[in-house]
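Good morning, and thank you for making time for this presentation. Please have the sequence and the structure open as I speak.

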Amino acid sequence: MRVWVLGRCGGYPRPGEACSGYLVEAAGRRVLLDLGHGALSRLLLRVSPYDLDAVVVSHLHPDHVADLPALRVALRWGRRPASWAGRLAVLGPAQAAEYLAHVVGEPVLEEFDFYAIAEAEPVELDGLRVRFRRTRHPVETYAVRLESQGAVLVYTADTAPSDAVRELSRGADVLLAEATLSEAYRDRADAAGHLTGSLAGALAQEAGVRRLLLTHFFPTTDPQESVAAAQKAFGGPVGAVEEGGAYEV
Ligand SMILES: [Zn+2]
Ligand SMILES: [Zn+2]
């Protein structure tokens, strides 16, 4: 399994960068996790929109979904290969279909097939198993666990420290964890619904993961300070993802 980072900014993009978006390739499948501001342009550097097998939307904050209407336009008016099924599966919170239709201003988005995420229902995508748990965030948000051929990737999405996310992360090969806030805001992480580097490190340590990758940095957060704080709490290998970077799981 491999994950390509399309964007690593949380909240709003840093100059010249993009917000949340991750392309996961495993067992011949391509699954997109989130598509925030600017992430579509990075996605199109790598693949055609018709190459995607599914999109997982962790939640409906714009820094995770802002480019989905643009993806829909690309699917609708692009050069469709004859092999394309005509619709792209979108897994997300139950309100995702209504929300995106409202944003686009049309009653139905025919290029997307929406499926409501349920915590108790893993999704099978031909060799790729996907599980979900609700996180602690101001809106309905799901952390995602992807398993394929013995490799396990967990994406925390946006969350404050959470028992459910810790359970979902148990034993992961790679934990792709949000580290939105600088350590100066650690006391306010619960209220904000986010993590700092040290809180992400504690999550990785408690869940017994092999490697921690930090992402979703608020533009004023210094990723290297977050990595240093996470290393103290975790003890295992820690890195900050780079936009355009590819990481083996
Ligand atoms: Zn976010
Ligand atoms: Zn959010």
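Predicted model: local features only at pLDDT ≥ 70, side-chain atom pairs only at ≥ 80, totals over all residues.

Residues are numbered from 1 along each chain as its sequence is written, chains are lettered from A and ligands numbered from 1 in the order in which they are written, and side-chain values use heavy atoms, with hydrogens and water left out.

The chain contains eight helices and 14 strands; these are DSSP runs numbered from the N terminus, with helices (H or I) of at least four residues and strands (E) of at least two. Its radius of gyration is 17 Å, close to the 18 Å that the globule rule gives for 249 residues, so the chain is as compact as a globular protein of that length. That radius is taken over C-alpha atoms, and the rule is 2.2 Å times the number of residues to the power 0.38. Along the principal axes, the C-alpha atoms fill a box of roughly 50 × 35 × 30 Å.

Of the 249 residues, 54% are buried. Here buried means under 20% relative accessible area, exposed means over 50%, and partly exposed lies in between, with a 1.4 Å probe and protein chains only. Among contacts (heavy atoms within 4.5 Å) with a separation of 6 or more, 60% join residues 24 or more positions apart.

As for charge, the chain carries 25 positive and 32 negative side chains, and the centres of the two sets lie 3 Å apart. Lys and Arg count as positive and Asp and Glu as negative, while His and the chain ends are not counted; each charge is placed at NZ of Lys, CZ of Arg, CG of Asp or CD of Glu.

Let us now consider two alanines. Ala-27 lies in the loop between strand E2 (21-26) and strand E3 (29-35), and its phi is near 50°, a positive value in a residue other than glycine. Ala-157, in the loop between strand E10 (151-155) and helix H5 (163-169), has a positive phi near 55°. Is each of them buried or exposed? Ala-27 is partly exposed, with a relative accessible area of 31%, whereas Ala-157 is buried at 0%.

The loop between E10 and H5 also holds Ser-162, which is buried with a relative accessible area of 10%. The side chain of Ser-162 reaches the backbone nitrogen of Val-165 at 3.0 Å, which is a polar contact: a pair of N or O atoms within 3.5 Å, where within protein one must be able to donate a hydrogen and the other to accept it, and residues adjacent in sequence count only if both atoms are side-chain atoms. Leaving aside residues up to four places away in sequence, Ser-162 touches Arg-134 and Arg-136.

Next comes helix H7 (residues 197-207), where eight of the 11 residues are buried, so H7 is largely enclosed by the rest of the structure. Those buried residues include Leu-199 and Leu-203. Which elements do the buried residues of H7 pack against? They pack against H5, strand E11 (174-178), helix H6 (189-192), strand E12 (211-215) and helix H8 (223-234). Just after H7, Gly-208 takes a positive phi of about 65°.

Finally, Val-47 sits in the loop between helix H1 (39-43) and strand E4 (54-56), and at 6% relative accessibility it is buried. Not counting residues up to four places away in sequence, Val-47 touches Leu-23 and Arg-30. Val-47 and Arg-30 are 17 residues apart in sequence and 9.4 Å apart in space, C-alpha to C-alpha.
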